[in-house]
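Here is a short tour of one protein chain. Keep the structure open as you read, and find each residue as it comes up.

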Amino acid sequence: MSLRLTDKPQTPSAGGLSRRGFLRASVAAGGGLLLTFGLPIRAARARDASAANFAPDGFIRIGHDGRVAFIIPQVEMGQGTFTSCPMLIAEELEVDLTQVYTEQAPPDGALYTNGLVGFQVTGGSTSMRAFYEPLRNAGATAREMLIAAAAATWNVDPSSCRAEKGSVIHGATGRSLGYGALAEKAATMPVPEKVTLKDPSAFKLIGTAAKRLDTPGKVNGTTVYGIDAKAPDMKFATLAICPVFGGKVKSVDGAKALENNGVLQVVQTEDAVAVVATNTGAAKKGLAAVEIVWDDGPNATLSTADIVADMEKASEADGVLVRHEGDVPNALEGAAQTLDEIYEVPFLAHTAMEPLNCTVHVRKDACEIWVGTQVIGRAQAIAAELTGLPLEKVVVHNHMLGGGFGRRLEVDSIAIAVEIAKQVDGPVKVIWSREEDVQHDMYRPYFYDRLHAGLDADGMPIAWSHRICGSSVIARWASPAFKDGYDFDTVDGALEMPYEIPNVRLQYVRHEPPGIPTAFWRSVGPSHNIFVVESFVDECAAAAKKDPLEYRRALLTKEPRALAVLDLAVEKSGWGQPLPERSGRGIAVQNVFGCYMAQVAEVEVSDSGDVTVKRVTCAVDCGLPINPNTIEAQVQSAIVYGLSAALFDEITLENGRVEQSNFHDYRAPHINDMPAIDFHIIKNTEAPGGIGEPGTSAVVPAVFNAVYAATGVRLRKPPLSAESLKA
């Protein structure tokens, strides 16, 4: 997801956080140094707050054993934050990465604010962008305080001491003290007014291919995901939700369900029925035996065709003018050639590998939740709202996430688990079946885009008009950021095209489809806009009868970083080398999430129209690479995810019901579907960009453009249609 509720991180000035205002040191419970620090947005607010109201956003705790605990605000869902964030601390603190361990932060929107978004959330490829400087500052401050404590112990000048591998060393005498021995005294040292961060040339950890700290637990099975959570005397439940969005439960007969061994009770909410049992198997058998009559409600006849027809009509009207440069109408009128096309992208489900689950124990005076969520504060808030309890009476134990992709930015599954738990004596674990997950997801929005381009006599674009029509997730999920009909996420990737075009107009038409909820999906705005923009640029090149590579190069003269990744990807891909018949290569280049990326896809199209992606070459410039291992893994993962959208998947409705149900008809790429992925990274010292999502948005147009190169058929809506590509 691309969350930009602020234009950029509110990073402190060089030298870091204001020590006086935002950093505090104290003796930790049980001894040792406890350093609390404020992250940027929180820090800015703290300036206006009284001292009594000041509360820090993150914590470093150094114990007598010298180990460094980092209470991490971000969650780990496979993207590597539990390694990359500690690397920033360890680098400046001068400790080995193995000395740092993470503890998941509790819900506290006032303390654990994501500096790019403005509240406690993990998403939008923001972790490194938001926390790169604050965490380094915190580590450097702790280091200086430990040095000060050692210097005071030895009665020497602090400048004569240095930190190294978890100890402070006095250079002249060779004396040394470990951090564990210094921690408690360091807590009494004044917080330095200014610290000097390392020059990148001195980095020992940042930029290295560090092994992930969370790997051993995932390999040996000791990692605890939300679905693994256990509570004493826990019961198990599974559920059926009304198959039509907006429908309700009309009647329930649970008599036959209760005849199954292990089934304890049948409960219902407004739109769902759950069976509670001593184990999940019994709950599933019981659910199959429940007789439910649904009231389908107003969306009983809704179909995808209805939704698209409405959207097509809505897209005919002007929308909010998001970008306006030059004079597009006059440029179009004077163009030597014009192109008018319509692009569409379908609804998509998230299908995280770990099924939706939530364990809840509701008591009269408290509520306890075990879950894996990207928005722990919102999880707490919805439980408080539904139980009527004060916020502080709701405890959320956040766990590892078996995939998020934006699905766990939503709390609907937590809300329904709480509603079920309110009717159960003791803790109950509610697990969704894959079918319920696919058919009751909150989907990537359907978009209907109208594009117009005007080309000059040389075939180059002199006018570009793009009107985007679709629902607004921001308006629902972060309503204060939705202003004057403008959804910044919906236009992300279309707004900041890297290409130099003199006349540009971008509009957004908000149109909410009836009955179907929409949400962020991995790579969010760019997941649809990069497909549209990069495909249409390819169309312009084809209309001009020019090579799509040279066409893009001519438009990127003022974007050297974009040009560099494009050239690198092309060089490594073998662009221009001959390919067999019905094979082709396609390009996509983008600048999203603070990361430049280019991909070249090589495909083969069979006579029956089936597309095989043979190879994807990817070049990345994401600024200073924190952990190249993680960056490569994230790009590979994103390409797999994007290929599912390019080749296979869409969510469709008929009679108000989602037609897909599981991985047999909503596919993830199989191992034999996977291309070779050739990854290359450009290293520099620019600010780190986000890397969790760019690969998803780039691969789809690269594949579609390759299919055009192979067949001459231009398709403008994923997934690829074999019927349209038959020889």
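## The largest pocket

Helix α18 gives the largest share of the lining of the largest pocket, with four residues. This is a predicted model. The elements that give two or more residues to that lining are α3 (81–93), α4 (127–154) and α18 (628–647).

How much space lies in the largest pocket? About 710 Å³. Its lining counts 44 residues. Those nearest the centre are Met-77, Gly-78, Gln-79, Gln-634 and Gly-692. Sorted by class, the lining holds 23 polar, 15 nonpolar and six charged residues.

Is Thr-490 buried or exposed? Its relative accessibility is 2%, so Thr-490 counts as buried, since buried means under 20%.

What does the side chain of Thr-490 make a polar contact with? The partner is the side chain of Asp-487, at 2.9 Å. Leaving aside residues up to four places away in sequence, Thr-490 also touches Phe-447, Ile-468, Ser-471, Ser-472, Tyr-508, His-528 and Asn-529.

## Thr-113, another buried threonine

Thr-113 sits in the loop between β5 (100–104) and α4. Its relative accessible area is 1%, so Thr-113 is buried. Thr-113 and Arg-67 are 46 residues apart along the chain, and their C-alpha atoms are separated by 25 Å.

## Asn-591 in a strand

Strand β23 (residues 583–592) contains Asn-591. With a relative accessible area of 21%, Asn-591 is partly exposed. The side chain of Asn-591 makes a polar contact with the side chain of Tyr-596, at 3.4 Å.

Asn-591 also shows how sequence and space can be set side by side. From Asn-591 to Gly-78 is 513 residues in sequence and 23 Å in space, C-alpha to C-alpha. Gly-78 is one of the residues nearest the centre of the largest pocket.

## Backbone exceptions

Most residues other than glycine have a negative phi, and most peptide bonds are trans. Some places in this chain depart from that pattern.

Start with Glu-94, in the loop between α3 and β5. Glu-94 is not a glycine, yet its phi is positive, about 60°. Its relative accessibility is 12%, so Glu-94 counts as buried. Phe-593 lies in the loop between β23 and β24 (595–605). Phe-593 has a positive phi too, near 60°, in a residue other than glycine. Phe-593 is buried, with a relative accessible area of 4%.

Which residues does a cis peptide bond join? They are Pro-718 and Pro-719, with omega about -5°. To find Pro-719, look in the segment after α19 (694–711).

Conventions. Residues numbered from 1 in each chain as written. Predicted model: local features only at pLDDT ≥ 70, side-chain atom pairs only at ≥ 80, totals over all residues. Heavy atoms only, no water. Buried < 20%, exposed > 50% of the residue type's maximum accessible area, 1.4 Å probe, protein only. Polar contact = N/O pair within 3.5 Å; in protein donor to acceptor, adjacent residues only side chain to side chain. Contact = heavy atoms within 4.5 Å. 1 Å grid on protein atoms, 1.4 Å probe; cavity = no way out; pocket = protein on both sides within 12 Å on 5 of 7 lines; lining within 4 Å. Points joined across faces, edges and corners; volume = space filled by probe spheres on them. Nonpolar A, V, L, I, M, F, W, Y, C, P; charged D, E, K, R; others polar.
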